[in-house]
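Here is a short report for a reader who is new to this structure. It covers backbone details, a sheet and a helix pair.

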Amino acid sequence: MIDLRSDTVTKPSAAMRAAIANAEVGDDVFADDPTVNRLEERVATLLGKEAAVYVPTGTMANQIALRAHTEPGDIVITEALSHIIHHEGGAPAALAGVSITPLPGRYGVITADQVRAVAPRLDPDVPPGLVQPASLVTLENTHNEAGGTIWPLEALREVVAAAGSLGLGVHLDGARLWNAAAATGIAESEYADGFDTVTVCFSKGLGAPVGSALAGRKDLIDRARRFKAMYGGGFRQAGIIAAGALYGLENNRDRLVEDHANARRFAEAVATMDGIDVDLEAVQTNMTYFDVPEAPLFEQRCREAGVDLLALGPQRVRAVFHLDVSAADTGRAIDVLSGVAADHLR
Ligand SMILES: *Cc1c(COP(=O)(O)O)cnc(C)c1O
């Protein structure tokens, strides 16, 4: 089976398992797990931030960030298709008690003008209580639902600057920031510049079994640690898995361009198949989203033929490329889709 449902399905390699087996561990809650501490320092340095905290999931990283930046009742401004809104169990409302102002993006990108248009005025003449305060803007890079799309650096900086001048915090959901950096050659720290907090995931393209991190300003990370504990994220001998994350960071970032090449080749092939629609402009990193009639049935037929895809809507299907999918696998997946498409769409 060629598993293209997500880049989270990667299994640790033999070398990663060896690093995991030999990991030095302590107790994460007592802050004396040396491998966790090493990972946190490495991530903070890579992202150009003062501190970082290791957590079990990207969802937890985003949600402790939201909680650390806000008070219940605040507004968070974010792009309308963001992971934070659609794939985190309703946590912004349930855990942070915030409401969201969603802004429609183009390929996941929103503009400074859009943010200025919805941010409440800080005007002292406006009576307190009349306008709900917004406290945070969150952006996503790469943007998952928009297709794994990359924020142009200039556009990113304009929104960060606008948020700053409005007195808003800025959080980056960089679950796949590694992919943006690999694709463009722009360092992760460049993309992270100006953000108060940044989420990164190790369990996707980097191939680690578990874990994400939140990096940022020391005061915010300290506050976020309190919410990590509150949300049940104190995970004791977490050095076992942090060793996998460290291994992925050091060994699997450069090779992400191979996943991007496979996604591109797959998208271009699928685009030639009758009845399938692909927006090739959206194919910028390791993902291909495409439209096909009766997506769940198409997904089922592809699975029977040996390719596991993810149907995300009545017509929408996703294929994600990762380190357990070779160029040869990509060729085989193209052949399978070609056969299924010819049959399915007859
Ligand atoms: C995967 C992902 C996350 C975090 O997901 P977890 O499954 O909780 O680790 C956050 N943001 C984006 C954009 C993602 O794709």
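Buried means under 20% relative accessible area, exposed over 50%, and partly exposed in between, with a 1.4 Å probe and protein chains only. At 52% relative accessibility, Ala31 therefore counts as exposed. This is a predicted model, where local features need pLDDT of at least 70, side-chain atom pairs count only at pLDDT 80 or more, and totals for chains, interfaces and linings use all residues. Residues are numbered from 1 along each chain as its sequence is written, and side-chain values use heavy atoms, without hydrogens and water.

Most residues other than glycine have a negative phi. Helices (H or I, at least four residues) and strands (E, at least two) are DSSP runs, numbered from the N terminus.

| Residue | Phi | Loop between |
|---|---|---|
| Ala31 | about 60° | helix 1 (14-21) and helix 2 (34-47) |

Arg236 is partly exposed, at 40% relative accessible area. The peptide bond from Asn141 to Thr142 is cis, with omega near 0°.

Four strands form an open sheet in the order 9-10-13-12, with antiparallel pairing; strands pair if DSSP finds at least two bridges between them. Strand 9 (277-278) and strand 12 (310-311) stand at the edges, each with a single partner strand, so one side of each has no neighbour in the sheet. Two bridges join strand 12 to strand 13 (residues 316-320). Leu310 has Arg318 in strand 13 as its bridge partner.
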